[in-house]
Amino acid sequence: AGHGACFSFELDLAQAGASAPPLQAAPARILLASGDASVREWLRAGLGTQAAWQVEVVRGGEQALARLCAGLSNPANPARAYDVLLADWHLPDMDALALWQRLQLQAAGAPLPKLLLMSEFGQSSDAQAIAGFLLKPLVLGNVLQLLQAVLAPVRAGSTAQAPALRAQYSGARVLLVEDNEFNQQVGVELLSEQGIAVDVAQHGQ
């Protein structure tokens with residue numbers, strides 16, 4: 001009693017060939033909105049590891065709205081628009097969903113950035129507005145993975161390899177055992193892109 005089970009197994013695997021090219025982030029402009037100065041600086045530094053990402057930070061919802069609307073107001077220069085809004089659910093002056101509703105009203109049909117929420121309290125019921133959700137305390141690897149998934153990352157030099165990879169695994173069926181909803185979402189999306197059917201379980205039972 002009191003001891004966990006120990007499992008072992010053996011796999012016969014083919015020797016790997018040349019290593020796969022590194023995952024490259026798609027170019028993107030990201031607006032980070034957080035009332036916590038330490039979170040802003042930590043994420044600015046962490047996201048700065050991706051040279052293709054231009055990251056700007058604001059403290060509150062009004063500042064975020066002004067930046068976002070400025071990006072939407074110049075259709076002649078689409079590079080000024082933001083691709084992602086990464087925001088605390090509860091900002092100092094408003095919550096992120098209220099910010100999003102105001103942005104929708106002012107956008108007048110213009111394309112909107114992806115909305116990613118950060119919170120300690122679990123997911124919002126307004127799922128349609130949210131492209132992704134990050135549970136605090138944040139893990140930088142999870143933030144990077146979600147951003148890469150939302151921004152449709154590409155593997156350098158993989159254009160010719162991708163069809164062959166999909167053909168190799170298309171029709172396969174995988175059981176993904178993971179209790180973190182974010183990890184489930186990322187795993188299902190990545191596997192489904194290769195034509196793999198995915199069943200999800202939250203625990204080993």
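## Overall features

In this predicted model, residues 24 or more positions apart supply 69% of the contacts in the protein chain that have a separation of 6 or more. The chain contains six helices and nine strands. Of its 205 residues, 36% count as buried. The accessible surface of the protein chain amounts to about 12,500 Å², and 53% of this area belongs to carbon and sulfur atoms.

Five strands form an open sheet in the order 3-2-4-5-6, and their pairing is parallel. In general, the strands of a sheet pair through backbone hydrogen bonds, in either a parallel or an antiparallel manner.

Two of the pairings may be described in detail. Strand 2 and strand 3 run parallel and are joined by six bridges; here Arg29 stands opposite Gln54 in strand 3. Strand 4 (residues 84-88) is joined to strand 5 (residues 114-119) by five bridges, again in parallel, and Asp88 stands opposite Met118 in strand 5.

Helix 1 (residues 37-47) lies across strand 2 (28-33), strand 3, strand 4 and strand 5, and it runs at about 175 degrees to strand 3. Helix 2 (residues 61-72) also packs on the sheet, where it touches strand 2, strand 3 and strand 4; the direction of helix 2 makes about 140 degrees with that of strand 3.

## Helix 2 and its buried side

The end C-alpha atoms of helix 2 are 16 Å apart, which agrees with the 16 Å that its twelve residues should span at 1.5 Å a residue. Which residues of helix 2 are buried? They are Gly61, Ala64, Leu65, Leu68, Cys69, Gly71 and Leu72. These residues cover an arc of only 155 degrees around the axis, which places them on the same side of helix 2. The buried residues of helix 2 pack against strand 2, strand 3, strand 4 and helix 3.

Leu65, within helix 2, has a relative accessible area of 5% and is therefore buried, the limit being under 20%. Not counting residues up to four places away in sequence, Leu65 touches Leu99, Arg102, Leu103 and Gln106. The C-alpha atoms of Leu65 and Leu103 are separated by 6.6 Å, although the two residues are 38 residues apart along the chain.

## Helix 3 and its buried side

Helix 3 (residues 96-107) likewise has twelve residues, which should span 16 Å at 1.5 Å a residue; its end C-alpha atoms are 16 Å apart, in agreement with this value. Ala96, Leu97, Leu99, Trp100, Leu103 and Ala107 are buried in helix 3. Their arc around the axis is only 150 degrees, which puts them on the same side of helix 3. The packing partners of the buried residues of helix 3 are helix 2, strand 4 and strand 5.

Leu85 is located in strand 4 and is buried, with a relative accessible area of 0%. Apart from its neighbours within four places in sequence, Leu85 is in contact with Leu31, Ala33, Leu68, Leu99, Trp100, Pro113, Lys114, Leu115 and Leu116. Among these, Leu116 lies 31 residues from Leu85 along the chain, yet their C-alpha atoms are separated by 6.1 Å. Leu68 is one of the buried residues of helix 2, while Leu99 and Trp100 are among those of helix 3.

Ser119 belongs to strand 5. Is Ser119 buried or exposed? With a relative accessibility of 1%, Ser119 counts as buried. Leaving aside neighbours within four places in sequence, the contacts of Ser119 are Trp89, Phe133, Leu134, Leu135 and Lys136.

Technical notes. Residues are numbered from 1 along each chain as its sequence is written. This is a predicted model: local features need pLDDT of at least 70, side-chain atom pairs count only at pLDDT 80 or more; totals for chains, interfaces and linings use all residues. Side-chain values use heavy atoms; hydrogens and water are left out. Helices (H or I, at least four residues) and strands (E, at least two) are DSSP runs, numbered from the N terminus. Buried means under 20% relative accessible area, exposed over 50%, partly exposed in between (1.4 Å probe, protein chains only). Contact means heavy atoms within 4.5 Å. Accessible areas come from the Shrake-Rupley method with a 1.4 Å probe; for residues, only the protein chains shown count as cover. Two strands pair if DSSP finds at least two bridges between them. Axes are lines fitted to C-alpha atoms, for helices over the stretch in contact, and angles run from 0 to 180 degrees between N-to-C directions. The expected span of a helix is 1.5 Å times one less than its number of residues. The arc is that of the directions from the helix axis to the C-beta atoms.
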